Amino acid sequence: MSENTNSLRNFFVYKCLLALTFWNHVSLSVENELLTPSNNFPEDGSGQKIKSLPLLYTNKQQSKSSFDWVVIQNTTESLSLSEITNRSVKKLVALLSNFRQGSGLQNLTLTNMSVDWSALMEIFQTVWHSSIEYFNVNRVTQLADVNSYDFDYSGTSMKALTVKKIHITDLYFTQDDLYRIFADMNIADMTIAESEMIHMLCPSSVSPFRHLNFLKNDLTDLLFQKCDNLIQLETLILQRNKFESLLKVSFMTSRMKSLKYLDMSNNLLRHDGADVPCQWAASLTELDLSSNQLADAVFECLPANIKKLDLQNNQISSVPKGMADLKSLEELNLASNRLADLPGCSAFTSLQFLNTEMNSILTPSAGFFQSCPRVRELQAGHNPFKCSCELQDFIRLERQSGGKLFGWPSAYVCEYPEGLRGTELKDFHLSELACNTTLLLVTALLLTLVLVAVVAFLCIYLDVPWYVRMTWQWTQTKRRARHNPPREQETVLQFHAFISYSERDALWVKNELIPNLERGEGCVQLCQHERNFIPGKSIVENIIDCIEKSYKSIFVLSPNFVQSEWCHYELYFAHHKLFSENSNSLILILLEPIPPYIIPARYHKLKALMAKRTYLEWPKERSKRALFWANLRAAININLPSSDENRCGETD
């Protein structure tokens with residue numbers, strides 16, 4: 001039975017609201033000629049309470065009808081009216097006067113108003129003494145006649161006023177007459193936005209304002225200076241105005257004892273340092289200074305107890321050490337600045353969230369998380385990263401951080417060098433050796449030591465110093481020969497052969513080799529050091545001189561030969577002549593077999609000669625010796641130029 005009663009009552013209310021569109025005192029009609037409850041009012045009129053009633057005000061003449069105001073007040077929470085002019089103000093005031101305190105209407109929105117100052121104040125005054133708690137005014141053209149108005153603020157239910165896009169056409173009026181009305185409003189929340197407002201007065205007495213929003217106006221540094229009556233203000237939004245001095249902004253807040261949040265974004269704020277320190281409200285914990293013109297010096301003018309700080313889109317290149325001591329700071333936004341590296345946390349010991357996106361960071365510091373142990377999230381993506389060895393440490397840090405890098409890996413991409421541009425940091429790798437300078441130096445040093453050891457071993461094993469010394473002596477002798485050219489006859493061949501042998505084999509040379517060659521058939525001239533070396537010359541010069549004046553060089557090989565230093569000299573120089581003159585001047589006589597193991601390592605040339613060249617072996621059988629001498633004579637057979645020195649048949 002009760003459900004049927006409720007349905008009938010709601011249906012009756014719906015019919016009464018329809019009748020409102022034809023009421024002769026207010027002349028209100030619904031958009032598109034229909035009145036539609038916007039919040040859960042069913043078409044069959046059953047079961048739900050009307051909470052929002054959007055109405056469009058018109059000037060159409062409607063037929064008269066009656067209406068039960070008690071029902072309207074008890075069933076309507078929101079009312080939205082539009083297109084209000086001076087002619088309809090009285091009717092609007094008459095309508096609003098019915099919504100006394102205690103009625104159901106709490107929200108009123110007036111849009112597209114074109115009224116003068118007195119009419120606007122009459123509407124405001126009526127609303128102030130109604131049941132309305134939230135009053136929204138959007139797009140108001142105040143035509144003229146701004147005068148002083150004695151506004152009665154007492155006994156109001158109002159909690160919040162929002163005014164947007166007010167346009168004042170009156171160019172000559174007292175500013176205080178306008179601003180005093182709003183400054184002294186006894187409400188908790190007021191918004192005046194997008195209205196080209198150039199100033200606002202300090203309230204005449206301690207104000208109940210807790211939230212003020214002056215978004216997108218023309219307010220300057222003069223706002224609320226030395227104002228002591230905003231001690232309950234907690235939130236102040238001054239975004240998109242014309243503030244220039246951060247120091248003056250701090251002075252403005254210093255007397256706001258309850259201020260917690262301040263939005264100064266998108267202004268013209270600067271701070272280049274000042275002799276007078278900044279004075280912020282001690283209660284301020286959240287500050288938005290984004291999109292201003294602040295540089296590094298901003299860190300000397302910040303609230304001491306700030307917890308959340310937004311410095312995005314400024315001109316900050318670094319966080320100077322020792323300038324700020326913000327021990328309570330938990331969130332810091334430095335995105336879109338000019339930072340070249342991640343800031344340390346020596347001044348921000350409580351920092352938990354840091355944003356450094358879109359800066360100029362090429363190589364982030366790998367020690368960041370060590371200096372900032374409390375940081376739980378770092379946003380450092382969209383920077384022009386230089387993929388190098390230094391960046392390897394940062395990439396390694398990401399793996400150890402446990403997911404603290406926000407946006408990894410897509411936001412972290414190589415910008416330099418050009419060949420790696422577009423490569424995600426997670427795909428960039430260099431070897432440990434290439435990036436560890438100490439390891440690289442140690443490895444290079446070890447390789448150098450190994451190389452030096454190998455070279456030293458080879459030099460000792462192959463007697464390289466000896467060959468270098470011999471080459472040097474050969475070069476020096478040749479140089480002296482060029483500077484002191486010999487007589488022409490001295491450059492002509494004088495001997496058939498130069499004999500090189502060990503002193504221990506001298507008996508065989510003197511008793512067998514020399515007699516058989518010089519006294520045999522043909523006129524053979526042999527060069528022997530005992531009889532042909534010129535006194536006064538060095539041994540090396542005599543060896544070189546004899547080898548050059550001889551057609552052939554005969555080497556008597558035996559175990560004694562390989563133990564002789566001078567024999568080695570003679571073999572070296574003869575071998576040098578072999579290659580420098582492209583001649584076939586070496587004759588090897590193997591007097592006794594030479595076991596390979598007794599040949600010193602430095603005699604590698606002798607080993608090579610014995611392996612590649614044919615040598616004459618001294619026969620032990622006497623019957624074979626005639627052939628031996630015949631072959632040897634044939635090898636050195638040449639007609640020497642006639643000379644007094646070329647005498648055949650000489651003996652020792």
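Colleague: Which residue stands opposite Ile 589 in β22?

Modeller: Five bridges join β21 to β22, and the two strands run parallel. Helices (H or I, at least four residues) and strands (E, at least two) are DSSP runs numbered from the N terminus, and two strands pair if DSSP finds at least two bridges between them. The residue opposite Ile 589 in β22 is Val 556.

Colleague: What kind of model is this, and how are its residues numbered?

Modeller: Residues are numbered from 1 along each chain as its sequence is written, and side-chain values use heavy atoms, with hydrogens and water left out. Local features need pLDDT of at least 70 and side-chain atom pairs count only at pLDDT 80 or more, while totals for chains, interfaces and linings use all residues, for the model is predicted.

Colleague: Which residue in β23 is the bridge partner of Ile 589?

Modeller: Strands β22 and β23 run parallel and are joined by two bridges. In β23, Ile 589 has as its bridge partner Leu 616.

Colleague: In what order do the five strands form the open sheet, and which are its edge strands?

Modeller: The pairing is parallel, and the order is β20-β19-β21-β22-β23. Strands β19 (residues 495-500) and β20 pair over two bridges, with Phe 498 having Cys 527 in β20 as its bridge partner. Each edge strand pairs on one side only, and these are β20 (526-527) and β23 (616-617).

Colleague: How many of the residues of β22 are buried?

Modeller: In a regular strand the side chains alternate between the two faces of the sheet. In β22, Leu 586, Leu 588 and Leu 590 lie on one side and Ile 587 and Ile 589 on the other, so both faces are covered by buried residues, where buried means under 20% relative accessible area, exposed over 50% and partly exposed in between (1.4 Å probe, protein chains only). The number buried in β22 is five of five.

Colleague: At about what angle to β21 does each of the helices α12 and α18 run?

Modeller: Helix α12 (residues 506-518) lies across β19, β20, β21 (550-557) and β22 (586-590), with residues including Trp 508, Val 509 and Leu 513 buried. The buried residues of α12 pack against elements that include these strands and α18. Helix α18 (residues 625-636) lies across β19, β21, β22 and β23. The angle to β21 is about 145° for α12, and for α18 it is also about 145°.

Colleague: How many charged residues has the contact of α4 with α5?

Modeller: Helices α4 and α5 (residues 175-183) pack at about 10°, with their axes 13 Å apart. Trp 117, Met 121 and Phe 124 in α4 meet Asp 177, Leu 178, Ile 181 and Phe 182 in α5, contact meaning heavy atoms within 4.5 Å. Ala, Val, Leu, Ile, Met, Phe, Trp, Tyr, Cys and Pro count as nonpolar, Asp, Glu, Lys and Arg as charged, and the others, Gly among them, as polar. The contact has six nonpolar residues, no polar ones, and of charged residues, one.

Colleague: Which residues are joined by a cis peptide bond with omega of about -10°?

Modeller: Most residues other than glycine have a negative phi, and most peptide bonds are trans. The cis bond with omega of about -10° joins Tyr 416 and Pro 417.

Colleague: What is the relative accessibility of Lys 165?

Modeller: Lys 165 lies in strand β7 (residues 160-168) and has a positive phi of about 60° although it is not a glycine. Lys 165 counts as partly exposed because its relative accessibility is 39%.

Technical notes
Axes are lines fitted to C-alpha atoms, for helices over the stretch in contact, and angles run from 0 to 180 degrees between N-to-C directions.
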